[in-house]
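Biologist: Could you take me through one part of this model in detail? I'd like a single connected answer, with the cut-offs spelled out.

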Amino acid sequence: NISKQIPLSRYTFTKTGGEAEYLAFPKNLEQLQTLVAAANEDGLDITVIGNASNLIISDKGIAGLVIILTDMNEIKLDGDIVEAQAGATIVKTAFFAANHGLSGLEF
């Protein structure tokens, strides 16, 4: 699901940013791979934004495809290793680790 000419100020924590020429929110790795392949095939620049936090985006916007990873936020446990997708927030990841008896990601 790709949108056109969407103001990025809607998605950044700083509420800054002009329009993304194209904007997508993949939900999983397969969708992300499909988006990247299609953008490469069309010769589009790709800008990947995790949670759109700690960003100040120009009012001129971003040309090409902007991918925001907030919907890729799965966190899982593999033994004593926490695996978090790029859209998972650090706070949720830290709480997940703590809830599973793990330490080292405290604030």
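Leaving aside its neighbours within four places in sequence, which residues is glutamine 31 in contact with? And what surrounds that spot?

Modeller: Glutamine 31 is in contact with Phe25 and Pro26, once its neighbours within four places in sequence are set aside; contact here means heavy atoms within 4.5 Å. A word on the ground rules: this is a predicted model, so local features need pLDDT of at least 70 and side-chain atom pairs count only at pLDDT 80 or more, while totals for chains, interfaces and linings use all residues. Residues are numbered from 1 along each chain as its sequence is written, and side-chain values use heavy atoms, with hydrogens and water left out.

Now, where is glutamine 31? You'll find glutamine 31 in helix 1; helices (H or I, at least four residues) and strands (E, at least two) are DSSP runs, numbered from the N terminus. Glutamine 31 counts as partly exposed because its relative accessibility is 35%. On that scale, buried is under 20% relative accessible area, exposed is over 50% and partly exposed lies in between, with a 1.4 Å probe and protein chains only. Glutamine 31 and asparagine 1 are 30 residues apart along the chain, yet 9.5 Å separates their C-alpha atoms.

Zooming out, helix 1 covers residues 29–42, so 14 residues, and its first and last C-alpha atoms are 20 Å apart, close to the expected 20 Å at 1.5 Å a residue (expected span: 1.5 Å times one less than the number of residues). At its start, a side-chain oxygen of asparagine 28 comes within 3.2 Å of the backbone nitrogen of glutamate 30. That's a polar contact: a pair of N or O atoms within 3.5 Å, where, within protein, one must be able to donate a hydrogen and the other to accept it, and residues adjacent in sequence count only if both atoms are side-chain atoms. After helix 1 comes glycine 43, with a positive phi near 70 degrees.

Leu32, Leu35 and Ala39 are buried. They sit on the same side of helix 1 because they cover an arc of only 65 degrees around the axis, the arc being that of the directions from the helix axis to the C-beta atoms. As a rule, an α-helix has 3.6 residues a turn, so residues three or four places apart point the same way. The face turned away from the buried side carries the exposed residues Glu30, Thr34, Asn40 and Glu41.

What do the buried residues pack against? Strand 1 (2–7), strand 2 (19–24), strand 3 (46–49) and strand 4 (62–68). There is an open sheet of 4 strands in the order 1-2-4-3, with mixed pairing; two strands pair if DSSP finds at least two bridges between them. Strand 1 and strand 3 are the edge strands, each pairing on one side only. From one strand to the next, the twist averages 35 degrees. Helix 1 packs on the sheet, and its direction makes about 170 degrees with that of strand 4. For those angles, axes are lines fitted to C-alpha atoms, for helices over the stretch in contact, and angles run from 0 to 180 degrees between N-to-C directions. Strand 3 and strand 4 run parallel, joined by 4 bridges, with valine 48 standing opposite isoleucine 67 in strand 4.
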